[in-house]
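User: Please take me through the model shown below, with the cut-offs behind each term.

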Amino acid sequence: MSKQKRSPHSEFFVNVIGRRENALVLLKQVLPESIQGHLDLESLDIEKGSYVDEKLHGHFSDLIFNVKIKNGSVGKIYCLLEHKSVPEYLVALQLLRYM
C-alpha cells in the first residue's frame, strides 16, 4: 500500500467519508440489502493506508474498511473515488478499466 501525501481533494474525501458515522450512512445507502444482510456494519473499522498507485494519487482517493461477516470471517469494503473537474460521460466504464 502506498503512503504518500494526499491531494486536497483526497483529504476532503477521507476526512468526510473516513469518519465512521459518515461511512456507515453511505454504505447503508449504497450497498444492496442482499449484501448488507451478510455484514455486521456496526463492526465497521477504517483501515489506514491506500492502494492507489503514487502516479494516480492526484486523481484518485480510496478508503478501505474492515467489517465482520456474519459467518464469522472478516471482509474488506473498498471505496475508490476519482476526482473530476468536469462531468464526463460513462465514468463508470472508465473506473472499471482502471480496476
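**Questions on the predicted model**

Leucine 96 is a residue of helix α4, which covers residues 91-98; helices (H or I, at least four residues) and strands (E, at least two) are DSSP runs, numbered from the N terminus. This is a predicted model, in which local features need pLDDT of at least 70 and side-chain atom pairs count only at pLDDT 80 or more, while totals for chains, interfaces and linings use all residues. Residues are numbered from 1 along each chain as its sequence is written, and side-chain values use heavy atoms, with hydrogens and water left out.

User: Is leucine 96 buried or exposed?

Analyst: Buried means under 20% relative accessible area, exposed over 50%, and partly exposed in between (1.4 Å probe, protein chains only). Leucine 96 has a relative accessibility of 54%, and therefore it counts as exposed.

User: Which residues form a nonpolar patch on the surface, and what accessible area do they have together?

Analyst: Patches are made of residues with over 30% relative accessible area and no salt bridge, with like charges joined within 9 Å and nonpolar side chains (Val, Leu, Ile, Met, Phe, Trp, Tyr) within 5 Å. Accessible areas come from the Shrake-Rupley method with a 1.4 Å probe, and for residues only the protein chains shown count as cover. The patch is formed by Tyr89, Leu90, Leu93 and Leu96, and together their accessible area is about 500 Å².

User: Which element of the protein chain has the lowest mean pLDDT?

Analyst: The predictor's confidence in each residue, from 0 to 100, is its pLDDT; for the protein chain the mean is 81, and 80% of its residues reach 70 or more. Among the elements, helix α3 (residues 33-36) has the highest mean, 95, whereas the lowest, 77, belongs to α4.

User: Which residues is alanine 23 in contact with, leaving aside its neighbours within four places in sequence?

Analyst: Alanine 23 lies in helix α2 and is buried, because its relative accessible area is 1%. Contact means heavy atoms within 4.5 Å. With neighbours within four places in sequence left aside, alanine 23 is in contact with Ile17, Leu44 and Phe65.

User: How many salt bridges does the count come to?

Analyst: A salt bridge is a side-chain nitrogen of Lys or Arg within 4 Å of a carboxyl oxygen of Asp or Glu. Glutamate 42 and lysine 28 meet this way at 3.4 Å, N to O; glutamate 42 lies in strand β1 and lysine 28 in helix α2, so the pair ties together parts 14 residues apart in sequence. By this rule the count comes to two.

User: What does the salt bridge between glutamate 47 and lysine 76 tie together?

Analyst: The closest N and O atoms of glutamate 47 and lysine 76 are 2.5 Å apart. Glutamate 47 lies in strand β1 and lysine 76 in strand β3, so the pair ties together parts that are 29 residues apart in sequence.
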